[in-house]
Each structure stands twice: as C-alpha cells, then as structure tokens.
2 protein chains.
Amino acid sequence: MKTYLDCYPCFLRQALSASRRAGVGEARQLAVLRRVLDTLKSLPPGATPPEVAHQVHRMVRAESGVADPYRQAKEESTRQALAIYPRLKALVEQADDPLDTAIRLSIAGNIIDFGARESYDLWETVERVLHQPYALDDREKLREALSQADHLLYLGDNAGETVFDRLLIEVLPLPVIYAVKGGPVLNDATLEDALAAGLDEVATLIDTGADAAGTILSLCSDSFREAYEAAPLIIAKGQGNYETLSEAGPKVFCLLQVKCEVIARDLGVPVGSIVVKQSTRA
Amino acid sequence: MKTYLDCYPCFLRQALSASRRAGVGEARQLAVLRRVLDTLKSLPPGATPPEVAHQVHRMVRAESGVADPYRQAKEESTRQALAIYPRLKALVEQADDPLDTAIRLSIAGNIIDFGARESYDLWETVERVLHQPYALDDREKLREALSQADHLLYLGDNAGETVFDRLLIEVLPLPVIYAVKGGPVLNDATLEDALAAGLDEVATLIDTGADAAGTILSLCSDSFREAYEAAPLIIAKGQGNYETLSEAGPKVFCLLQVKCEVIARDLGVPVGSIVVKQSTRA
C-alpha cells in the first residue's frame, strides 16, 4: 500500500509520541520533528507507510539515545494480555468452532497498536470482535489453505497482541514459525516480547532482521527471506503487515482491525472493521 | 498561546482538508503539504497557532486558486443554524435566566469549527452544553463587566456559530460591535456570513482587516485596532481567539468549547469542556 497524504500528519504525531515515551525534553522533540519534516519532503515515490515510519522511528531513537522507547508500554501490554489469557483460553475451548473464535481473538488483540492510537479498552474490544461481522472475509480460503499447508509462517505485530496470537497458534493444525521484529520499532514485538508471551512454547521463533514495522522484505535478513519464500502459507497480522504485503500474493492472509481512515479507504471498509483478507498479486 | 509541537500534525491535517475542499487533485495537495513542511521547519519562536495557520491557509488558497475553500461549508453551516434558530430563541425566552442560557448557546455554537474537527452533531451539542458544568467559569465577572460597559466588541468565530452569537447579542443589555474576519480563512465568518446570519440587525458589523483566524492585532487594520482599543469589554469566541488573546488583559472574556488536546492542556481542563475565561495580562 502506498503512503497516502493523510499519513503525513500521522508520522509527525508518531514521532512526537515516541519522543515523549523516550522521555526527552521539548527541544529534542522539536529537533526530531524537524528531521521528520525533512524526511517527509523527500519521500521516494511509492514508499509504503512502514518504510517511512522506519526512518521516523530511527530518528527518534538516534535523537533520544533511547534504544526502545516503547519498552515499558510493551511490557505492560504483555502483562495485561497475560492477565486475561485464562479467560480467553476458556472462550476458545468452550466455542462451537474453536478455530473461528481463536481467529477473532487474534484480530481483537490487534487493537494493541500505539502507532494508530494512544489508548484502547482491551476487554471491550474482545467482546466486540467476538460478535462483529467481518467487513472482508476470506476465512474459508484461509481454512482451505490451512488444511493443505505443511507449515505456516505467522508474522506477528505488537507486544501483547502476541498473547492473542498464541491462542490462535494453539488451535492451528500445523507447525508454526512465528516471526517478530529484528529490532525495536513502535510497540512491535521483538524476541523478548514473544518470549514473555510464551510463544516459544507453541512456535519456532524467528525475527525479520529489520527494525521496521510490517514486513519490508528488502530490509529483512537473508534467513528471514528464506523462511518467507519457503512458507506455503503466511498469516500477516495488523496494519503494518497489510501496508507492506497487501499485494504479496495469495499465500498471504492479512488479519487485522482497521484503525485509521487511510487503511479504511485502501480496503474500502469503515474504520473499526475486522478483516481477514487474502493478498492479491501486484 | 504558543504553538505546541502537537499543533504540527494538525497544520498538515488542516492543509490537506482545506486543499480537498478546494477541489484540487493529489499532485497539488502534495505541493501544498510540501510548502507547509517548509513553513513548519522555520516557525518564528513564539508564533501562535493562528499565525501559523494564517500562512498555511494562504498557501492552500494560492496553490489551489480557490479564494474561499470553505465557502460551501460555511453557507451550509449557516443554513443549519438558522433552521434551528426558532427553537434556540424559544429556549432563551423560556429560560429562568435568559442571559445564562444565551451564553451557553453561544458556546454550543462554537462546535461548528472545521479547523478542529471535520464533523459534529449540532443539536446533540446544544443539549449537552445547556446542562454541562463549566470547567472554567468567569461568568460572574462577565456579568459585572456587562453592567458597567457602555458598549461591547464581540469577536466572532465561525460561520453558523454566528447565528448562536446573534441569540446572545439579542439579550445583551448594551450596544454591540460584531467583528468578522477581513478575508477567508478556514470556516471563520466573513462579512457575508454575518449578513446571512442576520447579525446586521442586532449589531454594528466590522471586520478585522485580516484573513487570519483568531485576532492577530499586528495583522489587523488600523480601524479594527481602534475599535479594539476603544472597547471597554470584549467577548472573544472560540479557540483561535483564545490562542491569540489569552493574555490580552481583563477586558477580554474568552467563550469557547475545548476541542483539542493542546487547548485542553493550555487551559488545564479536559477536551469537551465549556469555558468562560477572563484573559490575563502577559
């Protein structure tokens, strides 16, 4: 997905929010904003939002000297999600269709996204998403693909959301490789966040090799790209993965909540929608 | 009030929204955004948000060739407000304290602000503001000042809000000079918007001489500045006037709804608050 003009204000907002999370004063916040203004003036044509955000959040880390501004937020998100894990697990176990409920819960967990918003009500979101009609619904194609694949690459998104992903992986009928980010960006999960969520107990953990949101293959490590190419089926969580993989071909299924107007417009659905969407080919 | 860093993304958002209202295509929208990025990189220290917005909206008008991008929105706002004017008038006439109700209605009308938000529910706002406690409440000082002044300068804000201002002016016990903007900026009322609201029937109309939101005295005409200096009492409507006159001294009373986090922080009250605040001295 291309970067829309509406993304410009959002990058500034993210830069400011990340700078404040990094604890720097107003003079440094302004210095970060000025660097972001320069970046926005010279965006390469066709850059996806995560490619721009990659530069923006690198600047915040460089200017603040803080390697992981969202570390505290990520740990808190994981704690909150683990606290309700038993209730969520019971929902799956008692469901008529555990796979369907687990898919919904994994999408519900996608609300934990500090790139799109600063706050959310986690349990309210769970209750909503459990009963919400899908705005785009390729679940049957996903089920079909799950029945045929010998393994699955699961592209994670945010810390805390990892716990919801674990619930889905626990009911998936095939071995799963779970990929986290290779370094901090926004509140995206890195290896320690995946471990804190217990994902090592249910999947093989790898990382993208990149400190970028979504999956920008050109920035990823060779070993990640090999795993990506070898995967017969990929679940890609969240807006960042949709933004980078919406045209990555039919082995990719994007599972997400639509949390901003730009994604809503690109998908042709309202903000607040839940989506399971098989990617097209560019 | 100074320009906060949180205003930066908001200026980009406003520029984009105004460009689209002007009907220009994406290439020109991008050209506007790039000019705004340059402007934001070199803000003079201490600039108020309306001073920055003044440059931003001039760029939109220059780049689009559209003299008044909000013309249609302003006319529609006035029509909507006039449609409920009889109901609002009845509320004032039936009130135990007509002045108090009219002040509340004038603040309710301040929701019609396309700088802060793209949409609102007008009647819902009226019903809310009629009963909402004030977050800051200098109404008694305002009443006292009204009883002593021989006339009043009323600094208007947005088209449509003008109709709500008219209701207040109709119960004020002294002659009123009503000031609109000297040229188009955002959905701020200009002379034709005031006339469409019938304000010429209840007040002497003047304009600021400036196509800027709020009241930036250095940009205003000599004749406006004379009226400003001569006024024993000033009612200043909306966020823009608060941003430019919050330290203009005790003859100024700011009446507004708090519609963004920046104003909320500056005033120390929550978003959604209603406020009557006597200005301090710088």
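Guide: A definition to begin with: two strands pair if DSSP finds at least two bridges between them. Also note that this is a predicted model.

Visitor: OK, so what order do the seven strands of the sheet in chain B come in?
Guide: The order is β1-β7-β6-β5-β2-β3-β4 in chain B. The sheet is open, and its pairing is mixed.

Visitor: Which strands stand at the edges?
Guide: In chain B those are β1 (136–137) and β4 (204–207). Each has a single partner strand, so one side of each is left without a neighbour in the sheet.

Visitor: What holds paired strands together, in general?
Guide: Strands of a sheet pair through backbone hydrogen bonds, either parallel or antiparallel.

Visitor: And β6 with β7 in chain B, parallel or antiparallel?
Guide: Antiparallel: β6 (residues 252–257) and β7 (residues 274–278) of chain B are joined by five bridges. Within this part of the sheet, Leu256(B) has Val275(B) of β7(B) opposite.

Visitor: Switching to helices. At what angle do α1 and α2 of chain B pack?
Guide: At about 150°, with the axes of α1 (residues 7–21) and α2 (residues 26–41) of chain B 10 Å apart. Angles over 145 degrees count as roughly antiparallel, and α1(B) and α2(B) are therefore roughly antiparallel to each other.

Visitor: Is the crossing left-handed or right-handed?
Guide: α1(B) crosses α2(B) in the right-handed sense.

Visitor: Which residues meet there?
Guide: From α1(B), they include Tyr8(B), Phe11(B) and Leu12(B). From α2(B), they include Val32(B), Leu33(B) and Val36(B). The residues of this contact between α1(B) and α2(B) divide into nine nonpolar, two polar and two charged.

Visitor: Now the two chains. How many residues does each put into the contact?
Guide: Chain A gives 15 residues and chain B gives 15 residues. On the side of chain A that touches chain B, α1 (7–21) and α2 (26–41) of chain A each supply at least two residues.

Visitor: Do they meet through the same surface or different ones?
Guide: The same surface, because 100% of the interface residues of chain A are also interface residues in chain B.

How values were computed. Residues are numbered from 1 along each chain as its sequence is written. Chains are lettered from A and ligands numbered from 1 in the order in which they are written. This is a predicted model: local features need pLDDT of at least 70, side-chain atom pairs count only at pLDDT 80 or more; totals for chains, interfaces and linings use all residues. Two residues are in contact if their C-beta atoms, placed from the backbone, lie within 7 Å. Helices (H or I, at least four residues) and strands (E, at least two) are DSSP runs, numbered from the N terminus. Axes are lines fitted to C-alpha atoms, for helices over the stretch in contact, and angles run from 0 to 180 degrees between N-to-C directions. Angles under 35 degrees count as roughly parallel, over 145 as roughly antiparallel, 65 to 115 as roughly perpendicular and the rest as oblique. A crossing is left-handed if the near helix is turned anticlockwise from the far one by less than a right angle, and right-handed if clockwise. Ala, Val, Leu, Ile, Met, Phe, Trp, Tyr, Cys and Pro count as nonpolar, Asp, Glu, Lys and Arg as charged, and the others, Gly among them, as polar.
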